[in-house]
Amino acid sequence: MTALPDFCTPLDADWPLPTPLAGCQLRSTRFDRQRLQAGDFALSRVEAPANIQRSVAKRQAEYLAGRLCARAALLAAGSQTWVPGTDEERAPIWPAGFCGSITHGDGWAAAIVASDSHWRGLGLDVENRLESARAERLAAEILTPGELARLDPQQAALQVTLTFSLKESLFKALFPLVRKRFYFEHAELLSWSAGGHARLRLLTDLSEEWLHGKEIDGQFSLFDDRLLSLVAIPALNGSN
């Protein structure tokens with residue numbers, strides 16, 4: 001196993017969400033961008049794309065930490081050693097037979113991976129919990145009229161953060177399947193529970209399968225003022 005650079009902590013294999021998913025492997029790490037060294041990509045045997053090589057230390061640290069999590073999750077899921085590259089749509093490139101998702105933010109990164117015999121789409125997203133004033137400003141951009149009507153003033157900051165994160169996760173899970181971009185107004189959060197489960201609905205047609213009105217489950221958790229969300233699309237054979 002390749003040594004981890006000092007800028008990130010040992011990878012954590014604990015499942016941080018309410019409901020474990022069969023066949024899924026999740027790895028996470030905390031990282032300090034200020035401790036990133038010039039040789040850490042080479043030490044980790046991770047190739048930095050040209051745009052990452054030109055980017056600031058923060059972006060380089062996020063990319064490397066996320067790819068280290070992805071490689072470990074892939075190995076745990078049964079893949080050979082593989083570091084996901086990036087396609088023309090800036091999405092990770094996973095090896096044949098696997099799907100996954102990578103997320104990072106504010107010194108924390110994670111990746112989730114599964115065999116496509118269990119899941120065909122995974123979307124993982126982490127966000128800092130919004131402060132009330134910022135949530136109020138962003139609500140009209142992120143929430144549909146229906147979501148705004150269901151907004152609980154006592155939990156507005158959490159609800160806006162949750163809606164934003166779940167829609168990001170939904171996009172990550174569905175885009176590899178439909179290869180069609182969609183935005184915040186094209187899905188809505190129907191319901192969510194304090195136990196960390198949520199239900200989303202599409203408000204646009206993305207493909208013959210993914211039509212307006214299609215509902216999808218999600219889940220989420222809160223930790224260290226962060227919100228982590230996951231949307232998983234089951235395999236067609238239903239083996240999960």
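Residues are termed buried under 20% relative accessible area, exposed over 50%, and partly exposed in between, with a 1.4 Å probe and protein chains only. The model is predicted, and local features need pLDDT of at least 70, side-chain atom pairs count only at pLDDT 80 or more, and totals for chains, interfaces and linings use all residues. Residues are numbered from 1 along each chain as its sequence is written, and side-chain values use heavy atoms, with hydrogens and water left out.

The protein contains six helices and ten strands, assigned as DSSP runs (helices H or I, at least four residues; strands E, at least two) and numbered from the N terminus. Its radius of gyration, 18 Å, is close to the 18 Å given by the globule rule for 240 residues, so the protein is as compact as a globular protein of that length. The radius is taken over C-alpha atoms, and the rule is 2.2 Å times the number of residues to the power 0.38. The C-alpha trace spans about 50 × 45 × 30 Å along its principal axes. Of the 240 residues, 47% count as buried. Among contacts (heavy atoms within 4.5 Å) with a separation of 6 or more, 56% come from residues 24 or more positions apart.

Helix 6 covers residues 156-178. From first to last C-alpha, its 23 residues reach 32 Å, close to the 33 Å expected at 1.5 Å a residue, where the expected span is 1.5 Å times one less than the number of residues. Of these 23 residues, 17 are buried, so helix 6 is largely enclosed by the rest of the structure. Arg-179, which follows helix 6, has a positive phi near 50°.

Val-113 is located in strand 5 (residues 108-115) and is buried, with a relative accessible area of 0%. Apart from neighbours within four places in sequence, the contacts of Val-113 include Gly-23, Cys-24, Gln-25, Ala-70, Trp-94, Phe-98 and Leu-122. The C-alpha atom of Val-113 is separated by 24 Å from that of Ala-187, which is 74 residues away along the chain.

Most residues other than glycine have a negative phi. Arg-90, not a glycine, has a positive phi of about 70°. This residue is placed in the loop between strand 2 (85-86) and strand 3 (92-93), and Arg-90 counts as exposed at 74% relative accessibility. Asp-224, also not a glycine, has a positive phi of about 50° and lies in the loop between strand 9 (215-223) and strand 10 (226-234).
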